[in-house]
Amino acid sequence: EGVTVSAKVYNITANTTTEIENVTNGFTIGLDSGNEGDEFFVELTDASGTAYTSNKVNVSKVVAATNFMPLESLGTSYELDHDHGYVNHYHFGSDSIRVSAWGNRGISRIHQLYHLYIYDLVDGNWTRYTNSSTFNGRRINTIAINKNGSVVSIYDQTNGKIEFYSVLSTLPNLELLFSISKTEFGNVHPKSTSGHINLEDTLFTFSTGTNIYVYNVDFINKTYDPFQNIPMPSGLGPTTSHMNYHISFNFNWILLFKRTTTEYPIFVYKLGDSSYELDSQTPSTKTSMVHINDDGDRMLRESQDTYLYEMTRNTGDTWSSGAHLGYKWKHEVHDNSSRYTNADVTRFIERKDGKVGSQTLNVVDRINGVWQSTGTITLPHDIGAGAHSSMSGNIWFTGAKDVDPGNSRVTIWGDKYKETVGPKPSLKFDTFNKLTVENIRGTPTQINLTFTPVGSTTSQTIDVGTATTITISQRGK
């Protein structure tokens, strides 16, 4: 302090150097999750030219600053479940919302009515679109949305089929890709909002209550075929009461459990080379909801006493649970298949019992193994349901129906210091003859490739239509 030096920050892993001049009272460098695993050291040089080099530092984990704010509160004017007479049936938020893994798009619907709402994030601004024509006259349930929101899946209860749609750039228009009839999975309805699409857009899962179905899907060639049928384990009791399930963001782990006051184990399945196989099971317990992280070594479990417990994998295939965390994760009972934590299972938004008027909820993070409140959000509505998370945990959707039955709302929350919505569009070269356009959000209507030939200062543009894979037939000059 009081001495002016120049600083150089060396990222050994990325082979980059950041120079900072005239440092007198410390300095700060920004890190994000992309720096995890990177190794750094710092070199300070004083006015005489003497250099001082720090020890090497390895970045093991980057935790984003938590300061949540509502990005936008979007209201609808529909009375939920009016056709069923459930004027005060508060499950709009838990039974009707899906958010993409990247956090750039979400969908919701009014329970069993044909309106589908699409929430789209572009340049930091959210816009809500209403599709009231595609499913006109049909009862639909929201099923799934893929990583970037370019594909959504709907269950058409009227005609008994799961339909997959491409979300067109002319929102909220949709294009039907293919459908799977319920006759292919036991001729029963899938559980509402039980569907998930993996990050590679190659697998789709959903539950019928007694079975978990896994399908291979191909949204480019518009095809599908069965991958696996996982029946309810005998250790989960009678099939007359349905089981619940959770699948990790990376699709490596499936949890089977029952939301009941009877004690049952949680069955853990792991994805192998060709199927999901039983990996382990926990001691019997009364479980309300449970999530597992992508590494498969920690779970966050809500008990029937509504308190949260962290479960950790022991050496091998057994699990242990500690004391409750002091926070509640309570949500409405209808949707146990959504994602109420991030992929690492290190962040959730607390749930409080519904009441008239707004309520303040804790944002809870796991930092250095300790769960603690790192911020708050205040719901602008009554009866808050569970908060649906993106993969990073930086974008959240909450939904609720006010005591006024004609006013229901979806609120989108985000970390105001950082919005993580997935990788940006990029061009990949296989070092031989193929270019691939990756990470496109939505469905492209036109793709142009612009380049400057060697020895020229004039750029050229090639229109490749909507092709995302381009083969180079002749080396340019």
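Leaving aside its neighbours within four places in sequence, which residues is F164 in contact with?

Mentor: Happy to! Keep in mind that this is a predicted model. Once the neighbours within four places in sequence are set aside, F164 is in contact with V152, S153, E175, L176, L177, F178, I180, F204 and F219.

F164 belongs to the largest nonpolar core, which has 17 residues. Together with I162, F185, F204, F206, Y215 and F219, F164 is among the members that touch the most others.

Stepping back to the whole chain, you will find 37 strands and 1 helix. Of the 477 residues, 47% are buried. The accessible surface comes to about 21,800 Å², and carbon and sulfur atoms account for 47% of that surface. As for contacts between residues at least 6 apart in sequence, 49% of them join residues at least 24 apart.

One sheet is worth a visit too. It is open, with 4 strands in the order β7-β8-β9-β10 and antiparallel pairing. β7 (97-99) and β10 (125-131) are the edge strands, each pairing on one side only. From one strand to the next, the twist averages 15°. In general, strands of a sheet pair through backbone hydrogen bonds, in a parallel or an antiparallel way. Here, β7 and β8 (residues 105-109) run antiparallel and are joined by 3 bridges. I97, for instance, has S108 in β8 as its bridge partner.

The average pLDDT of the chain is 81, and 80% of the residues score at least 70. Over residues 65-94 the pLDDT stays under 50, although the model has 115 contacts beyond four places in sequence for them. Residues 416-421 also stay under 50, with 19 such contacts beyond four places in sequence.

How values were computed. Residues numbered from 1 in each chain as written. Predicted model: local features only at pLDDT ≥ 70, side-chain atom pairs only at ≥ 80, totals over all residues. Heavy atoms only, no water. Pairing = 2+ DSSP bridges. Helix = DSSP H or I, 4+ residues; strand = E, 2+ residues; numbered from the N terminus. Axes fitted to C-alpha atoms, helices over the stretch in contact; angles between N-to-C directions. Buried < 20%, exposed > 50% of the residue type's maximum accessible area, 1.4 Å probe, protein only. Contact = heavy atoms within 4.5 Å. Areas by Shrake-Rupley, 256 points an atom, 1.4 Å probe, with all protein chains shown as cover. pLDDT = per-residue confidence, 0-100. Core = buried A, V, L, I, M, F, W, Y, C linked by side-chain atoms within 4.5 Å.
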